[in-house]
Every structure is written in C-alpha cells, then in structure tokens.
Amino acid sequence: LGKAGHKATLEEARRRFKEHVEGKHLLSADLRSPVYVTVLKHGDSSTLDTMLKLHKQADMQEEKNRIERVLGAISQPELIQKVLTFALSEEVRPQDTVSVIGGVAGGSKQGRKAAWKFVRDNWEELYNRYQGGFLISRLIKV
C-alpha cells in the first residue's frame, strides 16, 4: 500500500520515519525496510539526504546494508543518479555496491534503465573492482 501511494499508509510511514530519525521512537527492525521504501518512493532530495545521513550514522553493518538495498526506491531521475554515484563511493563497501545498483535496477523501469547505463558507463571500474568474480555476474543478473 505504501509503494502504491495509499494516503493513510504513506502518512503513517512518514510519521514513523520522522519519529525514528528524531530518535523519539525507533522503528523495529522488521518495519524499517517497508517504511524506508515507502518514504523514499514518495520522497524528495531531503528524504534521500536523510537516508544517506542514517547510513553514515549507522553503527551496525546490518543497518547500512538495509539502507543500501532500499535506496533504489527513490523515483526522481536526478536522485536515482545520486544513488548510483553513492554506490561507487567510499561510503559503500565494495562488496555492497552490487546491492545498491541492484536496488536501483529493481526499483522501477526508469531505475533499471539508469542502472544498466551506469553499469555500462562504469564497466571498467566495476570489472576491475570485482576481477571477474561472482559479484560481477550477480551485478549483470540484477
């Protein structure tokens, strides 16, 4: 319902996300991904910046990975590009770059096209990074 834009669900997700970010009421682990996806899908640059800040502040790799997997839910073309650029940044462990790009590819038809172009444009760096290992084949599959 959240991804589809159901008004009451979206409002509840935004309320819970705000409380989580402000530290008033932390989201339980099982609700984080659906809330993150919902607010990102219908969010703007401020929403993405908040998610990237949460990623930077996360002290557990599990939370960083959770955030990396959902970033592709963002729908604005310029923000999709920002997520793809983030995927190759030093903020993301090399072994997790594939999850970020895969999240973009799975987020929308527009994301899939952007991710494929990004992979082609950055092929040499990606290929050298993974040196023909299983992650490069996983990247192509996603």
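# Salt bridges, burial and contacts in a predicted model

Q: Why is the pairing of D121 and K117 called a salt bridge?
A: The side chains of D121 and K117 come to 2.6 Å, N to O. A salt bridge is a side-chain nitrogen of Lys or Arg within 4 Å of a carboxyl oxygen of Asp or Glu, so the D121 and K117 pair qualifies at 2.6 Å.

Q: What do the values rest on?
A: The model is predicted: local features need pLDDT of at least 70, side-chain atom pairs count only at pLDDT 80 or more, and totals for chains, interfaces and linings use all residues. Residues are numbered from 1 along each chain as its sequence is written, and side-chain values use heavy atoms, with hydrogens and water left out.

Q: Why are D121 and K117 about one helical turn apart?
A: D121 and K117 are four residues apart in helix α7, where helices are DSSP runs (H or I, at least four residues) numbered from the N terminus. Helix α7 covers residues 109-121.

Q: What makes R15 and E19 about one helical turn apart, and how accessible are they?
A: R15 and E19 are four residues apart in helix α1 (residues 7-21), which puts about one helical turn between them. R15 has a relative accessible area of 38% and is partly exposed; E19, at 23%, is also partly exposed.

Q: Why are R66 and E63 called buried, and what joins them?
A: R66 has a relative accessible area of 8% and is therefore buried. E63, at 11%, counts as buried too. A salt bridge joins R66 and E63, with the closest N and O atoms 2.2 Å apart. R66 and E63 lie three residues apart in helix α4 (residues 61-70), so about one helical turn separates them.

Q: Which residues does R66 touch beyond its sequence neighbours?
A: Not counting residues up to four places away in sequence, R66 touches A29, R32, S33 and Y36, contact being heavy atoms within 4.5 Å. The C-alpha atoms of R66 and V83, 17 residues apart along the chain, are separated by 14 Å.

Q: What makes T38 a buried residue, and what is it in contact with?
A: T38 has a relative accessible area of 7%, so it is buried. T38 is placed in helix α2 (residues 29-41). Leaving aside neighbours within four places in sequence, T38 is in contact with G2, K3, L10 and A13.

Q: What is the largest nonpolar core, and which residues have the most contacts inside it?
A: The largest nonpolar core has 39 residues, and M51, L71 and I101 have the most contacts inside it. Such a core is a set of buried Ala, Val, Leu, Ile, Met, Phe, Trp, Tyr and Cys residues joined through side-chain atoms within 4.5 Å. The largest share of this core, six residues, comes from helix α5 (residues 77-87). Leaving aside neighbours within four places in sequence, M51 is in contact with F17, Y36, L40, I67, V70 and L71.

Q: Which residues make the nonpolar surface patch, and how accessible is W116?
A: W116, W123, Y127 and I140 make a nonpolar surface patch of about 410 Å². Patch residues have over 30% relative accessible area and no salt bridge; like charges are joined within 9 Å, and nonpolar side chains (Val, Leu, Ile, Met, Phe, Trp, Tyr) within 5 Å. W116, at 45%, is partly exposed and therefore passes the accessibility cut-off for a patch.

Definitions and conventions
Helices (H or I, at least four residues) and strands (E, at least two) are DSSP runs, numbered from the N terminus. Buried means under 20% relative accessible area, exposed over 50%, partly exposed in between (1.4 Å probe, protein chains only). Accessible areas come from the Shrake-Rupley method with a 1.4 Å probe; for residues, only the protein chains shown count as cover.
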